[in-house]
Amino acid sequence: QLQASGGGLVQAGGSLNLSCAVFGRTFSKHFMGWFRQAPGKERDGIGFINTSDGNTYYADSVKGRFTISRDNAKNAVYLQIDSLKPEDTAVYYCATGWIASRRPGDYVYWGQGTQVTVSS
C-alpha cells in the first residue's frame, strides 16, 4: 500500500514537498516513480528513484525544479517541487515497480494521489 500526501494550494513561485509512504512491502530493490495527471490529460511520468542506490531520473520538463529523494529507514520517498508554476497543477501520484521507467504501465502498485493546485 502506498500513501501520497503533502499536496495543497500554493502560489506560483512557492514550493511543496510531497511524501509517499510505503506500507506492507519491502522498500528496497524497487523503483519508486512520481507521476502527475492534470485535468483532461494523460498521466505523465515525472521521474523515479532506485530505492537501493538512490539514483534518480527526471523528465526533461521538470529537471532543475523537481527533486526525488528517499528515506529507506522510513520506507518513504519524497518529491520536492520548487518554483511552482500554474501548469504544475495536477494530481500527483507515487507508484512502485521493478522497472526503471517513467511509463505508468510499468508500475504495479499505486498510491491514491494528492492534489497540487498552483495559483497565479
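What share of the 120 residues in the protein is buried? Buried residues make up 42% of them. The model is predicted.

## Overall fold

The protein has zero helices and eleven strands. Read from the N terminus, the order of elements is β-β-β-β-β-β-β-β-β-β-β. The radius of gyration is 13 Å, close to the 14 Å from the globule rule for 120 residues, so the protein is as compact as a globular protein of that length.

The C-alpha trace spans about 40 × 25 × 25 Å along its principal axes. Now the contacts. Among those with a separation of 6 or more, 55% join residues 24 or more positions apart.

## Surface and charge

The accessible surface comes to about 6,000 Å². Carbon and sulfur atoms hold 47% of that surface.

How many positive and negative side chains does the protein have? There are 12 positive and 9 negative ones. The centres of the two sets lie 4 Å apart.

## Tyr107, in a loop

Tyr107 sits in the loop between β9 (90-97) and β10 (109-110). Is this residue, Tyr107, buried or exposed? Tyr107 counts as buried because its relative accessibility is 5%, and the cut-off for buried is under 20%.

Which residues does Tyr107 touch, not counting those up to four places away in sequence? Phe31, Met32, Gly33, Phe35 and Phe48 are among them. The list also includes Ala95, Thr96 and Gly97, which fall within the range given for β9 (90-97). Ile99 and Ser101 are touched as well.

One distance can be checked directly in the model. Val62 is 45 residues from Tyr107 along the chain, and their C-alpha atoms are separated by 20 Å.

## Val118, in a strand

Val118 belongs to strand β11, residues 114-119. Its relative accessibility is 6%, so Val118 counts as buried under the 20% cut-off.

What separates the C-alpha atoms of Val118 and Leu9? The distance is 5.9 Å, although the two residues are 109 residues apart along the chain.

Neighbours within four places in sequence are left aside for the contacts of Val118.

## Two buried sites

Tyr107 is a loop residue, whereas Val118 is a strand residue. Tyr107 is buried at 5% relative accessibility, and Val118 is buried at 6%.

Technical notes: Residues are numbered from 1 along each chain as its sequence is written. This is a predicted model: local features need pLDDT of at least 70, side-chain atom pairs count only at pLDDT 80 or more; totals for chains, interfaces and linings use all residues. Side-chain values use heavy atoms; hydrogens and water are left out. Helices (H or I, at least four residues) and strands (E, at least two) are DSSP runs, numbered from the N terminus. Buried means under 20% relative accessible area, exposed over 50%, partly exposed in between (1.4 Å probe, protein chains only). Contact means heavy atoms within 4.5 Å. The radius of gyration is taken over C-alpha atoms; the globule rule is 2.2 Å times the number of residues to the power 0.38. Accessible areas come from the Shrake-Rupley method with a 1.4 Å probe; for residues, only the protein chains shown count as cover. Lys and Arg count as positive and Asp and Glu as negative; His and the chain ends are not counted. The place of a charge is taken as NZ of Lys, CZ of Arg, CG of Asp or CD of Glu.
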